[in-house]
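I opened this notebook to record what I looked up in one structure.

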Amino acid sequence: MRISVKTQKSLDGFENNIVLMDEKGKLSLGGRKLPGGKALSGPIETKDFKGELGGTHLLYGPANSRWLLTGLGKGPFTARHWRDAAAAAQKAFAALDITQAAFVLPAEADVFEIVTGLMLSGYVYDRYLPAKKKGKYLSRVILLLPESASKAKADKARKLAEAQAAGTLLARDLMCSPGNLAGPEYLAATAKEIAKNSGGRIKVKIKRQAQLEKEGFDALLTVGRGSRKEAHLIEMEYNPEGKRTLALVGKGITFDSGGISLKPGAAMDEMKYDMGGAAAVLGTFRALAELNYPHRIIGIVPTCENMPGGDAYRPGDIIKARSGVTIEVKNTDAEGRIILADGLDYAKEFNPELIIDVATLTGACVVALGNEAAAILGNEKGEAHYDALVESGKATGERVWPMPMFEEYDYLIESPVADIKNTGGRNGGTITAAKFLQHFADPKPWVHVDIAGAAWGDKERGIRPRGGNGFGVRLFLNFFDRF
Ligand SMILES: [Zn+2]
């Protein structure tokens, strides 16, 4: 999608136009008049359309021009209003096979959110679909602001939103790519591609099997052993000169069969999404490749496939992680936390002021928060960042909510044969998973983001597509500004 900004006194000259209308029936024209005037106002007075957020109503004006009334809902207008209205307009016009449109905006419009809504709506993973089944999108949109608005300011917001959306779109593509096509090697190649196109902003290093063995990444290697695909560790560095260092660690299980503790067959295909954390990290770096932040940001992605091959790890096995902590394997389907153990331990070597890990980690999190929010848990120093993360969630719609890490839960992962065991049972599963991770993140300030529910969904809604949605990219980029 190509988006440009234009400031213009009149609204003449475009065939396809998007106009925002609130629930009072007021059009947001930025002080300008519709061509044809009254002809367009009739149906509004008959209350055919009430301006509800997410709704649209198509009218025709002079010279067969189209005017898509798009609901902005009820004020005061927040980021979500502008974003969801733009998403609804994009989808409504694209459904009519329209490719170009002018978007009439008032001076106070939130251009960043409008562009986000345009770019992220209607997403379909269509790489292997025939032409007639591919996703439909507007390919060219002109944002028409009144002359009183600043074009420079709008262009800056547009560019920022475009970079962020490109990151989210990459994360979605990665999540939706099936396990046979997008294994650990593919994620590593994607990281290299991002670095190559970053104009020198990002450096990447890939550790493969032999290197991982040499450096003691036994937790990661153990999980990957049941697959023919080699485990990898992806390491990315943004802005090495930055004064403050922040590390993002993403779980990259490219397919999770459960291993020897095999999952039930129903919906097992969804386990291609088990690299949603890795997708969030790679998507964030895809956006960073075009952006200037003052911080040094480290991205770590331990990645492998969890399969029940002949050399697969077993329940009862004891693994010595890179940090030296020993892990009793109670269930091979609780593999994400095992690879994150080495990822977190490695991240500490960069001496970050904060480590955030992101993972589709527990079914318990889906039960607790559904698909609408991710859980955040952390150690005491990590908790200091909760408020900022919750605010970022509110602004971006990628909602997060804290869960407790009381010491009363500690005994649940005690093991009679090792330092800890890899499951704490069904109850409180999100918390005991985080408790496990804490053994590898301490003493650095650390927050764990469980996106098991938030990273995908069955229903399309606003800018969220059905399937993998790239959750985390916009959340983290927003958070960097508050860090
Ligand atoms: Zn699993």
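**Entry 1: helix α5**

I noted at the outset that the model is predicted. I then checked the length of helix α5, residues 184–196: at 1.5 Å a residue, its 13 residues should span 18 Å, and the end C-alpha atoms are 19 Å apart, which agrees.

Next I looked up which residues of α5 are buried, taking buried to mean under 20% relative accessible area. They are Pro184, Leu187, Ala188, Thr190, Ala191, Ile194 and Ala195. These residues cover an arc of only 155 degrees around the axis, so they lie on the same side of α5. I recalled the general rule that an α-helix has 3.6 residues a turn, so residues three or four places apart point the same way.

I then asked what the buried residues of α5 pack against. Their partners are the helices α4 (151–176) and α8 (276–288), together with the strands β7 (202–207), β8 (232–238), β10 (252–256) and β11 (296–306).

**Entry 2: strand β11**

I turned to β11 and found that 11 of its 11 residues are buried, so this strand is largely enclosed by the rest of the structure. Both faces are covered: one side includes Ile298 and Cys304, and the other includes Gly299 and Val301.

**Entry 3: pairing of β11**

I looked up which strands pair with β11.

- β8 pairs with β11 in the antiparallel sense over seven bridges; methionine 236 has glycine 299 as its bridge partner.
- β9, residues 245–250, pairs with β11 in the parallel sense over five bridges; leucine 246 stands opposite isoleucine 297.
- β10 pairs with β11 in the parallel sense over three bridges; isoleucine 253 stands opposite cysteine 304.

Note on methods:
Residues are numbered from 1 along each chain as its sequence is written. This is a predicted model: local features need pLDDT of at least 70, side-chain atom pairs count only at pLDDT 80 or more; totals for chains, interfaces and linings use all residues. Side-chain values use heavy atoms; hydrogens and water are left out. Helices (H or I, at least four residues) and strands (E, at least two) are DSSP runs, numbered from the N terminus. The expected span of a helix is 1.5 Å times one less than its number of residues. Buried means under 20% relative accessible area, exposed over 50%, partly exposed in between (1.4 Å probe, protein chains only). The arc is that of the directions from the helix axis to the C-beta atoms. Contact means heavy atoms within 4.5 Å. Two strands pair if DSSP finds at least two bridges between them.
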